[in-house]
Amino acid sequence: MKMITVAGPPSSGKTSVILRLAECLDGLRLGVIKFDCLTSFDAQRYRDAGIPAQLGLSGKFCPDHFFVNNVEEGLAWGARRGIDVLVTESAGLCNRCSPHIAGITSVCVVDSLSGINTPRKIGPMLKFADIVVVTKGDIVSQAEREVFAWSVRQANGSAQILSVNGITGQGAFMLAKKLMQARDTDALAGARLRFTTPAAACSYCTGETRIGEAYQMGMMRKMEYEQ
Amino acid sequence: MTDFAAMIDSRALDIIISEYPVARDFFLNLNLPRLDASLTLADALEAASDEWLEEFGLTRSEIPDQLAQFLSSMTAAEIVRPISSLTILGGIDKDGNAENAELRVDAGTVISVVGPTGSGKSRLLGDIECLAQGDTPTRRTILIDGEAVSEEDRFRLGGGIVAQLSQNMNFVMDLTVAEFLEMHARSRAVAANPPAGAESLVGACFACANALAGEKFTPDTKVTQLSGGQSRALMIADCAYMSHSSIVLIDEIENAGVDRAESLALLTRSEKIVLISTHDPLLALSADKRVVIKNGGIYKILETSDEEKESLREIEKIDRLLGAARAALRGGERVTTSVSR
């Protein structure tokens with residue numbers, strides 16, 4: 001089974017890209033595990049397209065920690081379902097997060113409408129991706145596409161940049177071709193994340209909602225404001 | 001190829017930055033702007049606090065390698081060689097019938113693609129965009145300079161060889177025309193110091209865009225505030241002057257305040273290979289040849305005949321007439337019979 005991690009900011013077009021990808025897989029069986037925070041409607045979109053899907057909502061837990069704690073069982077689910085290409089789709093990550101795993105093909109989806117400096121701000125989920133998929137390029141000028149690609153290269157000089165149209169599917173064919181080069185993954189135990197997850201073990205992690213020094217306990221970081 | 005690793009090892013940061021100004025972006029991207037630039041990168045990093053580096057997930061040993069990789073990818077982006085011809089080898093139509101077509105398009109020529117909506121015009125442009133090698137549903141093969149394209153080159157060239165222009169495209173950046181052109185020039189000319197000819201290139205591109213646009217605009221106009229015609233004019237001029245892509249795929253340029261014939265002439269003068277999907281007789285007949293698509297396949301390849309060129313002159317007259325009537329309307333004048341003369 002090939003495993004692929006897909007991450008990207010909310011509404012960048014991850015689900016649409018994966019749905020278009022499914023159409024280019026030449027009979028291979030695609031399965032998706034969607035990781036989200038509080039709500040998600042995407043698992044239904046996959047099932048409507050006949051794609052087996054699982055939904056994991058992190059709820060009160062840090063989405064990145066939730067992902068690491070559940071991804072191994074996800075791989076087992078894929079094996080049970082006889083899936084050939086298993087995609088984990090992570091939304092609701094902060095820009096500090098990244099679900100990419102060393103040795104597992106990783107994709108970051110960014111939207112060309114999101115602003116020219118966005119690729120430089122997204123952080124490790126883009127910086128450590130093998131493939132950066134740029135969506136919605138059909139509605140911005142060619143020049144902006146080129147500048148946007150340059151901005152992606154600034155943040156990640158080694159990634160393959162591909163433009164995919166999530167509506168018409170243009171470009172999904174090349175993405176599928178690239179992903180088919182991924183090696184097979186049978187187990188994740190002992191595999192490593194490409195970037196550390198955010199650290200936090202403080203009173204707010206355990207349900208504190210009140211603001212004020214008196215309620216702040218555990219590991220936390222204070223900003224230095226000018227006097 | 002420059003040995004960036006050796007340079008980073010031996011030279012002070014300010015020397016590297018003066019030679020490669022783009023290196024400044026690398027430190028901004030990493031949130032490392034406060035290094036002592038009079039030192040080498042390794043020495044400057046020694047002075048940075050462990051805690052700070054750890055907070056941002058950075059390790060001292062990796063940063064010099066990352067900078068070397070950054071500089072090589074930022075400078076390598078420029079190496080896209082111009083191509084002199086594109087050849088389309090026919091595949092199959094929607095029913096699986098062979099197309100039996102072969103079409104070579106040389107730099108500086110225009111091919112129009114015509115056919116009913118849904119016949120497969122976009123599919124043909126899509127095959128060119130991904131440099132199909134008999135592996136798309138149409139089974140077409142695209143040759144570059146007469147040769148098949150390797151898998152590696154398809155990915156390497158992907159996105160860099162083909163520029164696209166369509167009626168749905170808009171500018172979305174919050175920049176003025178001048179800022180925008182300078183930014184595009186900078187993204188192209190990062191290797192050179194100072195960006196070679198960028199200043200004049202921007203000027204030339206701006207003047208050309210203004211010449212193509214029906215209504216003039218100034219360099220301090222926001223690109224998002226340009227009219228449809230002005231946007232189109234700027235996109236075409238930018239494509240001719242700034243883009244490194246040798247192939248331009250155009251999905252219809254409507255007659256919205258932009259000189260269509262001159263736009264095509266500009267692109268061919270820039271030695272581009274232009275394919276334009278259109279229903280517009282003026283554009284279709286301005287092309288050297290036209291490909292007729294039917295049922296997903298190439299049905300005919302027609303060379304524009306002398307008689308058609310004669311017809312084109314008549315069509316241009318009608319186009320000018322419509323243009324004059326439009327100008328009269330917009331200017332608050334009466335559309336009289338004198339307009340048509």
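In which handedness of crossing does α11(B) pass α12(B)? The crossing is left-handed. Keep that pair in mind as we walk through the structure. This is a predicted model. Its scores are ipTM 0.76 and pTM 0.83.

Start with chain B as a whole. It has 341 residues, and 36% of them count as buried. Its secondary structure comes to 14 helices and nine strands. Along the principal axes, its C-alpha atoms fill a box of roughly 80 × 55 × 30 Å. Now look at the contacts in chain B with a separation of 6 or more. Residues 24 or more positions apart account for 67% of them.

How confident is the predictor here? The mean pLDDT of chain B is 85. In this chain, 92% of the residues reach 70 or more. Over residues 190-196 of chain B, pLDDT stays under 50. For that stretch the model has 12 contacts beyond four places in sequence.

Return to the opening pair. Helix α11 of chain B covers residues 228-241, and helix α12 of chain B covers residues 260-269. Their axes lie 9 Å apart, at an angle of about 15°. Angles under 35 degrees count as roughly parallel. The two helices, α11(B) and α12(B), are therefore roughly parallel to each other. Which residues of α11(B) meet α12(B)? They are B:I236, B:C239 and B:A240. On the α12(B) side, the partners are B:S263, B:L266 and B:L267. The spacing of such residues follows a general rule. An α-helix has 3.6 residues a turn, so residues three or four places apart point the same way.

Next, find a helix in chain A. Helix α6 of chain A runs over residues 142-155, which is 14 residues. From first C-alpha to last, α6(A) reaches 20 Å. That is close to the 20 Å expected at 1.5 Å a residue. Is α6(A) largely enclosed or largely open? A residue is buried if 20 or more other C-beta atoms lie within 10 Å of its own. In α6(A), 14 of the 14 residues are buried, so the helix is largely enclosed by the rest of the structure.

This helix also packs against the other chain. Its partner is helix α9 of chain B, residues 177-188. The axes of α6(A) and α9(B) are 10 Å apart, and the angle is about 50°. That makes α6(A) oblique to α9(B). Their crossing is left-handed. From α6(A), the residues A:A143, A:E146, A:V147 and A:W150 take part. They meet B:M183, B:H184 and B:S187 in α9(B).

Finish in the loops. A:S11 sits between β1 (2-7) and α1 (14-22) of chain A. Its phi is positive, about 60°, although A:S11 is not a glycine. A:S11 is exposed, with 12 other C-beta atoms within 10 Å. B:N100 lies in the loop between β1 (85-89) and β2 (102-106) of chain B. B:N100 is not a glycine, yet it has a positive phi of about 50°. With 8 C-beta neighbours inside 10 Å, B:N100 counts as exposed.

The last stop is B:G146. It lies in the loop between β4 (141-144) and α8 (151-157) of chain B. B:G146 is exposed, with 10 other C-beta atoms within 10 Å. Its C-alpha atom is 7.0 Å from that of B:L86, 60 residues apart along the chain. Beyond its neighbours within four places in sequence, B:G146 is in contact with B:S85 and B:T87.

Key:
Residues numbered from 1 in each chain as written. Chains lettered and ligands numbered in written order. Predicted model: local features only at pLDDT ≥ 70, side-chain atom pairs only at ≥ 80, totals over all residues. pLDDT = per-residue confidence, 0-100. Contact = placed C-beta atoms within 7 Å. Helix = DSSP H or I, 4+ residues; strand = E, 2+ residues; numbered from the N terminus. Expected span 1.5 Å × (residues − 1). Axes fitted to C-alpha atoms, helices over the stretch in contact; angles between N-to-C directions. Parallel < 35°, antiparallel > 145°, perpendicular 65-115°, else oblique. Left-handed = near helix turned anticlockwise from the far one by under 90°.
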